[in-house]
Amino acid sequence: MPHSSTSAPRDSRLGVRLARGASPWLLPTVATAAVSLSRSRRSGRWAALAVPSTALAAGMLWFFRDPDREIAQGRVISPADGVVQSIMPWKDGRTRVAIFMSPLNVHVNRAPLAGTVASVEHIPGGFVPAFNKESENNERVVWHFDTEIGDVEMIQIAGAVARRIVPYVPQGTKVEQGERIGLIRFGSRVDVYLPEGIEPAVEVGQVTKAGVTRLDRD
């Protein structure tokens with residue numbers, strides 16, 4: 001797979017690749033932890049703050065990790081780490097595969113297949129938990145990819161905690177299968193609509209990994 005221009009930078013000091021779009025959350029927590037640790041020996045108040053602030057910073061680093069992946073073979077691969085929440089036949093013949101992402105999953109989403117980004121549309125909405133049926137009206141970003149198997153729709157859905165979706169690539173961009181295309185901060189959901197005639201290879205409750213788990217069956 002060719003190098004993607006959307007890859008996140010690697011922080012050599014931390015030894016971890018961090019997701020693009022994490023800075024507004026990550027930098028304040030890491031800065032607070034660093035200051036509290038440096039002053040903890042001279043002040044009991046700072047020492048008391050050092051423990052929770054360091055734990056929070058470590059949690060943020062874990063939440064916003066962006067590991068490299070060896071991209072799998074297949075027509076359609078999972079765009080998200082998570083658990084298959086539902087598989088639903090659609091009226092137009094497509095099949096919707098909904099993947100629930102918990103706060104412990106990697107939050108970077110990847111292109112389910114190679115093609116051109118035909119459209120990227122942000123739709124305002126609510127922020128109920130992503131596993132709730134009412135999440136159909138949540139804040140979302142709707143993607144359409146022009147691919148060799150036709151139009152493929154993918155939807156990033158914000159949850160109760162995930163209040164911001166960060167697309168990495170604009171309309172008209174050619175993407176490789178498995179390329180990083182966006183970030184949903186904290187828990188959320190990603191839906192992929194398999195075109196008519198393509199059977200899902202996953203089951204409800206199955207764990208998926210972005211860029212690795214194949215969604216379609218031969």
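How many aromatic pairs does the count come to in this predicted model? By the ring rule used here the count comes to two, and both pairs are described in the views below. The model is predicted, with local features requiring a pLDDT of at least 70 and side-chain atom pairs counted only at pLDDT 80 or more, while totals for chains, interfaces and linings use all residues. Residues are numbered from 1 along each chain as its sequence is written, and side-chain values use heavy atoms, with hydrogens and water left out.

**View 1. The chain as a whole and its confidence.** The chain holds two helices and 13 strands, where helices (H or I, at least four residues) and strands (E, at least two) are DSSP runs numbered from the N terminus. Of its 218 residues, 47% are buried, that is, under 20% relative accessible area, with exposed meaning over 50% and partly exposed in between (1.4 Å probe, protein chains only). The pLDDT, which is the predictor's confidence in each residue from 0 to 100, averages 81 over the chain, and 67% of the residues score at least 70. Over residues 1-15 the pLDDT is below 50, although this stretch has 30 contacts in the model beyond near neighbours in sequence, a contact being heavy atoms within 4.5 Å. Where pLDDT is low, the predicted coordinates should not be read in detail.

**View 2. The open sheet and the pairing of β3 with β4.** Eight strands form an open sheet with antiparallel pairing, in the order β10-β6-β7-β8-β12-β4-β3-β13; two strands pair if DSSP finds at least two bridges between them. At the edges stand β10 (174-175) and β13 (207-208), each with a single partner strand, so one side of each is left without a neighbour in the sheet. Strand β3 (residues 82-89) pairs with strand β4 (residues 95-101) in the antiparallel sense over six bridges, and Ser 86 stands opposite Ala 98 in β4.

View 3. Arg 189, in strand β12 (residues 188-194), is buried at a relative accessible area of 3%, and its side chain is joined to that of Asp 191 by a polar contact of 2.7 Å. Such a contact is a pair of N or O atoms within 3.5 Å; within protein, one must be able to donate a hydrogen and the other to accept it, and residues adjacent in sequence count only if both atoms are side-chain atoms. Gln 156, in strand β8 (residues 150-158), is buried with a relative accessible area of 0%, and a polar contact of 2.8 Å joins its side chain to that of Asn 109. Leaving aside neighbours within four places in sequence, the contacts of Gln 156 include Asn 109, Glu 139, Trp 143 and Arg 189.

**View 4. The two aromatic pairs.** By this rule the two pairs are rings of Phe, Tyr and Trp (its six-membered ring) with centres within 6.5 Å, planes under 30 degrees apart counting as stacked, over 60 as edge-to-face and the rest as tilted. The rings of Trp 90 and Tyr 193 have centres 5.4 Å apart and planes at 80°, so this pair is edge-to-face. Because Trp 90 lies in the loop between β3 and β4 and Tyr 193 in strand β12, the pair ties together parts that are 103 residues apart in sequence. Trp 90 is partly exposed at 31% relative accessibility, whereas Tyr 193 is buried at 5%. Trp 143 and Phe 145 form a stacked pair, 5.9 Å centre to centre with 5° between the planes, and Trp 143 and Phe 145 are both buried.
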